[in-house]
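Work through these exercises with the structure open beside you. Try each task before you read its solution.

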Amino acid sequence: MKRIKKIIHNCPYLAALLIMWMLLTIGGILLVIYRDYGKMKWGDLVSHPLFAVVWEAEKQNNISNLMGTESVMVKLPEQASGAADNGLVLLPSAVGSKVGAQVEKELAREEEAHAAEEKQEAEEVMVGQTLYVEYPPIATDSIYYEDVGKTALTTEYPYTAVNEDYFKDAAFLGDSRTIGISDYSGLEADFYCDNGMTIYKLLGEKGVTWQKTGEKVNMSEVLQQKQYGKIYIMLGMNELGYGDTEYFREHYQAVLEQIRAWQPQAVIFLMANLHVSAEKNNLETEFNNININAKNAAAASLADGIDVFYLDSNPYFTDENGLLKSELTFDGVHLYANNYAVWKDFLMEHGVVRETTETSGNE
């Protein structure tokens, strides 16, 4: 400091030149920033990282240090270089080294941010949407159901056509119609199903028949011990006269959430119950298509289009009135064996393939 005072006292003109040089240096940088960023407020200019580096360098390097250093070329980021020749500016080395370091940090931060954006885009999952077709509801006086006035459609999603290998890590949970898929579709999967099975009994202690061995197994234990890539659930027919629709939905949701917790990697498909034929569609009892439709809509409301999807195969088997075609069924409820091939094709047209699931089933 004494040396600076001595220089100023003995050579006032030299001191004035040095001060002017410092001001021109800072001013030049500010002009570059101002030119490239347009009309900015003073607060915006002094907060610019380039200005901050220069200011810090000026504070940390006294006049004598700057007098004895050489100038260096510094490459500025594209957004700060403007019309400068290739983005290069001439700065004293004491300042230029700090500017260069700051520029490298800024570029590194930009690259990290860009990489993070690309990673987020790659991880974004397509979300499906389950839509409904509304119709005028019919008045009912049943304590078990009411006409909900809408029919749930298969979750809209860019499904993948798959082959039979896709189902090798799949589990099917359901009632007698699921047994039909097991017996006649030819799919190689684990089928856990029984005549009269309900959502209320699925995880119970009495167990479910594993169709591969014919033995009863505890589904709670199975789903905690073995991990599946896909799980298909079709229940609701045997619940038509047991509790109302909201009671059914609450239990279905509880079971679904429990399975979701045990099988976090699995894609879950909630399969619609088939409608019954005109002969079986009895509006004087609970066994009718209005009640089936209400239960299906309740199950469909649980599909999130991400990990849980609703599949409705009814359009392949019902007529224009929503009744199961009589020529396809031997009892008005279950399909003839040869019709399960159509159901199989429907399932193969609606595969959901992710990085976390097996891809060998793609065609």
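**Exercise 1. A residue and its helix**

In which helix is Glu250 found? Then decide how exposed Glu250 is, and find its place in a surface patch.

Solution. The model is predicted, so keep that in mind throughout.

Step 1. Glu250 is found in helix 10, which covers residues 245-262.

Step 2. Glu250 has a relative accessible area of 44%. Buried means under 20%, and exposed means over 50%. Glu250 is therefore partly exposed, because 44% falls in between.

Step 3. Look at the patch. Glu146, Asp244, Glu246 and Glu250 form a negative surface patch.

Step 4. Glu250 and Ala298 are 48 residues apart along the chain, and their C-alpha atoms are separated by 9.2 Å.

**Exercise 2. Another residue of helix 10**

Is Gln253 exposed, partly exposed or buried? Give its helix and its C-alpha distance to Ile199.

Solution. Step 1. Gln253 lies in helix 10.

Step 1. The relative accessible area of Gln253 is 29%, so this residue counts as partly exposed.

Step 2. The C-alpha atoms of Gln253 and Ile199 are separated by 9.8 Å. Along the chain, Gln253 and Ile199 are 54 residues apart.

**Exercise 3. The whole chain**

Describe the chain in numbers: its secondary structure, its buried share, its contacts and its surface.

Solution. Step 1. Count the elements. The chain has twelve helices and eleven strands.

Step 1. Take the buried share. The chain has 363 residues, and 45% of them count as buried.

Step 2. Turn to contacts. Consider those between residues at least 6 apart in sequence: 67% of them join residues at least 24 apart.

Step 3. Finish with the surface. The accessible surface comes to about 19700 Å². Carbon and sulfur atoms account for 53% of that surface.

**Exercise 4. Salt bridges**

How many salt bridges does a search of the whole structure find? Work through the pairs of Glu164, Lys226 and Arg354.

Solution. Step 1. Side chains of opposite charge can pair when their charged atoms come close.

Step 1. The search finds seven salt bridges.

Step 2. Take Glu164. Glu164 forms a salt bridge with Lys344, and their closest N and O atoms are 2.4 Å apart. Glu164 lies in the loop between strand 4 (150-152) and strand 5, and Lys344 lies in helix 12, so the pair ties together parts 180 residues apart in sequence. Glu164 is partly exposed at 36% relative accessibility. Lys344 is buried at 13%.

Step 3. Take Lys226. Its salt bridge is with Asp190, with the closest N and O atoms 2.8 Å apart. Lys226 sits in the loop between helix 9 (219-225) and strand 9, while Asp190 is in strand 6, 36 residues apart. Lys226 is partly exposed, at 39%. Asp190 is buried, with a relative accessible area of 4%.

Step 4. Asp190, Lys212 and Lys226 are linked in a network of salt bridges.

Step 5. Take Arg354. Arg354 forms a salt bridge with Asp307, the closest N and O atoms being 3.7 Å apart. Arg354 is in the segment after helix 12, and Asp307 is in the loop between helix 11 (289-300) and strand 11 (308-311). The two are 47 residues apart. Arg354 counts as buried at 16% relative accessibility, whereas Asp307 is partly exposed at 27%.

Methods: Residues are numbered from 1 along each chain as its sequence is written. This is a predicted model: local features need pLDDT of at least 70, side-chain atom pairs count only at pLDDT 80 or more; totals for chains, interfaces and linings use all residues. Side-chain values use heavy atoms; hydrogens and water are left out. Patches are made of residues with over 30% relative accessible area and no salt bridge: like charges are joined within 9 Å, nonpolar side chains (Val, Leu, Ile, Met, Phe, Trp, Tyr) within 5 Å. Accessible areas come from the Shrake-Rupley method with a 1.4 Å probe; for residues, only the protein chains shown count as cover. A salt bridge is a side-chain nitrogen of Lys or Arg within 4 Å of a carboxyl oxygen of Asp or Glu. Lys and Arg count as positive and Asp and Glu as negative; His and the chain ends are not counted. The place of a charge is taken as NZ of Lys, CZ of Arg, CG of Asp or CD of Glu. Helices (H or I, at least four residues) and strands (E, at least two) are DSSP runs, numbered from the N terminus. Buried means under 20% relative accessible area, exposed over 50%, partly exposed in between (1.4 Å probe, protein chains only). Contact means heavy atoms within 4.5 Å.
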